[in-house]
Number of protein chains: 2
Amino acid sequence: MENVTIRMLAEKLQLSTATISKALNNSHEISEETRKRVQELAKELNYVPNPYASSLRKKSSKTIAVVIPEVADSFFAEAINGIEAVAKEKGYHVLIYLTHENSQQEQAILNDFQSGRVDGILISVTMETAASEHGLAHLSKELPIVFFDRVCEELPTARVTTNDKEAAFIATRHLIERGCRNIGLLAASQQLSIIRQRISGYEKALKEAGLPLSPNAVTYYTNDTVGNYKKVCETLRQHRFDGIIATTEKLATSVYEACETLGIRMPDELKVVGFSNLSTARFLQPSLTTVAQPAFEMGKTAATLLFRSLKNNHFPLAHQQVEIPSQLVIRQSTAV
Amino acid sequence: MENVTIRMLAEKLQLSTATISKALNNSHEISEETRKRVQELAKELNYVPNPYASSLRKKSSKTIAVVIPEVADSFFAEAINGIEAVAKEKGYHVLIYLTHENSQQEQAILNDFQSGRVDGILISVTMETAASEHGLAHLSKELPIVFFDRVCEELPTARVTTNDKEAAFIATRHLIERGCRNIGLLAASQQLSIIRQRISGYEKALKEAGLPLSPNAVTYYTNDTVGNYKKVCETLRQHRFDGIIATTEKLATSVYEACETLGIRMPDELKVVGFSNLSTARFLQPSLTTVAQPAFEMGKTAATLLFRSLKNNHFPLAHQQVEIPSQLVIRQSTAV
């Protein structure tokens, strides 16, 4: 298929390239008749505008970026669906960029945006991302940015989160009500504000129940699945917890694996709550009590805020902070 | 942050914009000394090239597209990881586009590529995609395209697949060996060649065992999760199968759901094999016997072929057909 250019249309119609370009963009400088002739020929020859050239002119790519750590997590898979539902309605393309929990890779992706590849950004930062050393502050002056779930609290832009502290408080209180007295928390990261929130909700529940805050009850993990599994085994062997809060889906899966290896019976010897949107949670053995996050709604809300800002430069993104509550879904992993 | 342009560099150094541009691109027309002065200033001022302008010149975006139906499926999540491992090494960005199993949306995405947004495409087509009505044939003349998993068999370009027919044959034979005599197959689509391959392997195994091919033993599903669940219930109620091959992860999950609703006991009353890379398969109740696809390897191989073609225009993509075998992992859902 030969590439049809504006120049070719101009030659065929004996018009200037400027006229063709204006006619294709529905300019009022061009007569109705000429506009029609040009657009009909363009359609007939299957003319496709070059997005790079037209982006230079219009400064719009009709594209938004979604920057997330990974897709092998039900939360992000569902959030993307929420984002795409809105973008599709607005006629925008969605480009998904994965950082694989690597803040350097995240930085390289963000650098790539400085020069106009996308019109706006929805981002959930990596476990490593520290706001201070981050290019997001610069970038947010050039492009609208909306954080969802994993935010940089220091950055003055829109944030869509869930009630992480409250949800962890409720989950921990549930374990206490089910008889747990020695509850451990598996933390996915030291950096992430959402994880700090969850730890704080967990500590609040222990305090309210008059339970001690033992110094090693919170253990920290990385993005290394095999390493994490070994560390979960070690933790469960050492501490003889009777309850566990797993702050991510993958850590919850590692608990099942470790219990199998160590012969720990769930829920009799260990009760478990996982932060997870896993569709198979209810079919696990035992079925998993989860903190289910409103992933689709969070993605949809974040995208809606971004498009408001794209439509209206003066929309005060920095003042938008939306919190959508999670839900505790009680199943057999916390049964008495 | 002010945008540093080539013009600004030219003014500061009292050189022409053409000289600046050539110096930044390491042109041999420019003296070593000038090149150094320009590049040092560019670095100092944090100059970022405009990708649109530079794409117009170089006709390369250093970007590849991955076009897939969805990410809420372990196969695609793992395949992306394989693709990104290769792309990262080559210094390319990966843009992920989701079609949500909608061939019109797929077509809109492909149209967007006609004008140079990406250098090459890795694609796994939708359940609806019919090769005949598809823009891929046109596009493959302009851009290198590599299919992985879900291919259009009619199109002369590289394909990375798994042994779908053989894997379904082995899975069905396994059910027969475990005593099943009335085996149903849940087909995710009528269009997809990989599903036709799986049906054909299933039929071959029945035939070899001298079992009848009953006309309604293969049922077809769409992308509607709720509708599929209802249809699975209906199918299991009507046919009293003693064995099921679920050709996708989501259909396997629907079988668990339907069995719960209908009070069918797995594996005693119904044995199930699912095509799935679900990391929780071994923790399901009962643990799920799976056909595990080499998703990471398939993604990695597809990306490697694409980069070979990007490096060398004459690399015969059309002759590349790689098949990487799947593995049957036997668990409790097919226990006797």
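Modeller: This is a predicted model. Between chain B and chain A the count is four salt bridges.

Biologist: What makes the pair B:Arg282 and A:Glu257 a salt bridge?

Modeller: The side chains of B:Arg282 and A:Glu257 meet at 3.5 Å, N to O. The cut-off for a side-chain nitrogen of Arg and a carboxyl oxygen of Glu is 4 Å, so the pair counts as a salt bridge.

Biologist: How much area do chain B and chain A bury between them?

Modeller: About 4,600 Å², with 58% of it on carbon and sulfur atoms. In contact terms, 51 residues of chain B meet 51 residues of chain A.

Biologist: How do you know that the copies meet through the same surface?

Modeller: Of the interface residues of chain B, 100% are also interface residues in chain A, so the surface is the same.

Biologist: Why is A:Cys152 called buried?

Modeller: Its relative accessible area is 5%, and buried means under 20%, so A:Cys152 qualifies. B:Cys152 is also buried, at 5%.

Biologist: Which residues touch the most other members of the largest nonpolar core?

Modeller: A:Phe113 and B:Phe113, in a core of 134 residues. Another core, of 62 residues, lies apart from it and includes A:Ile68 and B:Val146.

Key: Residues numbered from 1 in each chain as written. Chains lettered and ligands numbered in written order. Predicted model: local features only at pLDDT ≥ 70, side-chain atom pairs only at ≥ 80, totals over all residues. Heavy atoms only, no water. Buried < 20%, exposed > 50% of the residue type's maximum accessible area, 1.4 Å probe, protein only. Contact = heavy atoms within 4.5 Å. Core = buried A, V, L, I, M, F, W, Y, C linked by side-chain atoms within 4.5 Å. Buried area = accessible area lost by both parts, 1.4 Å probe.
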